[in-house]
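Dear colleague,

I am passing on the structure below, and I would be glad if you looked through it alongside the notes that follow.

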Amino acid sequence: MKIEFEKILSNAEDLLQRQVGAATEDHLKLFKNFNKVESDRLQKWHTHGASGLEIVKGRAHLLDAIIKHVYKIADEEYREKESEPPSPFTIIALGGYGRQEMNPYSDVDIMFLHSKNVDRYVDVVANKILYMLWDIGFQVGHSVRSLMDVNRYIKEDVVSKTAMLESRFLVGDKSLFIQYQSLLQKHLANTNSRLYVTVKAEELFDRHRNNGFSILVTEPDIKEGVGGLRDLHTLLWMARVLYGTSSLEELRAREILSEKEYKVLSHAYELLLRVRNELHFLSKKRYDFLSLEMQPKVAEALGYKDRPNYSAVELFVREYYFRTREVQDVVLLFAKKWSDLPKKWQWIKPLLGWKRVRDGFEFYQGEIYPQHENIFQEDPLRLLKLFRYFQKTGARLSEELKELVRNHLGLIDKPFRFSLDASEIFLKILSRKGKVGLALRAMHETGVLGKYIPEFGRITFMVQYDFYHKYTTDEHTMRVVDNLDMIVKDALPEWRSYDEIFEQVENVPLLYLSLLLHDVGKGMGGGHSHKGAILSRKICERLGLSEQNKDIVCFLVEHHLTMTQLSQRRDINDDNLILAFSAIVKDKQNLFMVHLLSFCDSLGTSTGVWTKWKEELLWQLYWMTYSVLDNGPKSKEAELLEIREKQRQFLEQKKSDLTEDEVHTHFDLMPPKYIRYTSIEEIDSHLRLVHKLSEEKVCLEWNETDMGYSIVTVCTSDQPGLFYKVAGAFSLNGINILSAEINTRKDGIVLDSFYVSRGQSQSVSKKGYCEKFQNKLLQILNKEINLEEAIQKKLEEVEKRKKRLLPIAPTKVKFDNYISENFTVVDVQGEDRVGFLYTIAHAIANLDLAIYFAKISTEKTLAYDVFYVGDKFGKKIDSEDLLLQIKEALERELMEIPAQV
């Protein structure tokens, strides 16, 4: 659809031309109406398929019409009221407005150019235009400058120089604009183009660094992100200084850009403009982030349709990543060309440090170059050997070499993938500890990895629509591999324990291969771990691995989530769980590798998701499993001896104010699991709480840790619904519960330990919260406050501040009657919010059930709460009717909680 730009201007003439004598308020009303009508018309054209470039040009024409008519009004009003003649004065569009690239809510950048001094005429006209634009609703950036100012700024300020490169005359004294252009051209002729390109290239690098050097974030910035509009603009600015043109068409015509590069940039430019236009129209403001919430809406608006195996939004996002990666490649290559040695000096390269590398490659100043263009045709295996040299030398791949690799990807065919020679090279790449990530990333960025392992290629650019993955599946995988490399490099002191385990891994390539393949099943829908294991076996067969090594890789891929989920969502002090996990792992080599994989995978999701608390849980599961694999499971007799020995040690170490009768009573009344897994120091503090309970209704022990959480032990007499009442008291004080160990003596005294934090990973100060929490809990237990009403009031306060950006996560309730010998495990997943845990515990208590253990996990805005529950006799729930009743009650109650921001 072609936009009739002249129609915008003619509409302005019809509506505004005859209104010169009207009052300012009337002018404003007319201009607002004109802006709304024409903006709505542009949005309709956009909806019906007009190109991105046409829409942004149409928006620029709209602004041109407004500014020209406001100028005419201001000029005539000045002439009517003032005796001094108007001075030379012109208005110039700069930046995006200057190149006629105005997205629906882009800022307006203009310059008021005068000849010498700011006189009355300049002041009147400039103010009239600025205030009118602001009142209409535009965001305006402006400058008031003389020709002398321009001459000074263009010499001193790169930002001003860049904006002026895209100057466009709007209205005013044309001769003044011609003088301005002459000044600009003279300056450009004297500009050190190589220096300017270098400065812009450094800005490009800094911007990429601020974005993690990756296009593959799940919510990319359309404008400032890697491969975004700003990268395209940077290339055009460079071209303007180097060649005097900023037109892609002319750069192609002059063979500065190849036909392929021209098509790459043109297609990407169109997509980026269309997407940015849609984001602005949807949000009704300047909004440049392709958020998870916006992605389905933009995909639908741009006409993407579902296809077999891929939804519309997946197809759209994949194309976005594909286009931005192409932009990144072309722009980097363009910048590289103009910071390199001139062609005429190439003959002296041997004198400047060039060195031949065997097998067709040579390097210069830390970069690898092809010796000639046929190196891959001569030997296709060089497409893999290249990355071995990359690892060994530490040199970068030159942009020329990257382009040559991409042009020869067709050589990686089926026989290549089944080649044992190729497999040997690839496995050697995976064996170089600490340098695997860089090599795999280079293989991925050049397309070699996806061609050699097509199963990985299918997850390239795949967005993960969850609440905790920041990166696409392929970028997440690269970061997981990077994390394993960082362990070897000993980046952090607290990672040394992982390095010690890594030193014991006997088959390093298998571990790296498992990290690379751990998410390949995500290209096949749900159940990605199992599907990934099936795909991994096929990949291992192509690589010629032995049956034993195939089994190791498939085990690691299938169970890459198991250790993390068990540690965070199950009771790891349950002997049956440790035995079951040990049976899955089978031997210590598998344990070493699955532990490292679990850590690296968790760390690679998103900032703030991995906490010290979760890491400590993972280590606890590791050591308990290691003990079973090393020594075998403990017999009942050994467990009894362990309990007796701990009691003996406790009596030897006990403080004088505790009697032996108190100690014997406590050990007799507490369950065996408590005695075995609770330290002597903790038992001592618990006994002191019990001792004090005769004087107080509730006793607390509050311990802060340096692990991002605090441990609060509540000692009181048992009563119905105690857990939800304690949870409510924490909630009212703004404290998160991470986990709860519930212990009730046979005499009804409760010793419940709660692991709590503020936010994701911040311990809770005893000084600031202990007394407030204890008072609130006493008020609840004494029925001095209505807990339900207090929670509801807290929820209403949250509701007032609510501003939803993402859709509500659905509540899911599942049951596990196998993992625990004595209890039914209830898994509840939903959107985290104030009162979430309280609501679940309250609903369970209302069903006359008891909670014996709880573990709370939060991933950004998603809560995973796990409860070990039993009936009033302490038995697991076998009744299907009761399980259904629990499920319905939890889903009903949680639906009534407003979402938290």
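Helices (H or I, at least four residues) and strands (E, at least two) are DSSP runs, numbered from the N terminus. This is a predicted model, in which local features need pLDDT of at least 70 and side-chain atom pairs count only at pLDDT 80 or more, while totals for chains, interfaces and linings use all residues. Residues are numbered from 1 along each chain as its sequence is written, and side-chain values use heavy atoms, with hydrogens and water left out.

Gln-100, in the loop between helix H4 (95-98) and strand E2 (108-114), has a phi near 60°, a positive value in a residue other than glycine. Glu-255 also has a positive phi near 60°, and this residue is found in the loop between helix H11 (248-253) and helix H12 (259-283).

Turning to the rings, those of Phe, Tyr and Trp (its six-membered ring) pair if their centres lie within 6.5 Å, with planes under 30 degrees apart counted as stacked, over 60 as edge-to-face and the rest as tilted. The count by this rule is 36 aromatic pairs. The centres of Phe-169 and Phe-177 are 5.4 Å apart and their planes stand at 50°, so this pair is tilted. For Tyr-320 and Tyr-321 the centres are 5.7 Å apart and the planes at 70°, so that pair is edge-to-face.

A charge sits over a ring if NZ of Lys or CZ of Arg is within 6 Å of the ring centre and within 35 degrees of the ring normal. Lys-174 lies over the face of Phe-169, at 5.0 Å from the ring centre, and Arg-569 over that of Tyr-864, at 3.8 Å.

Best regards
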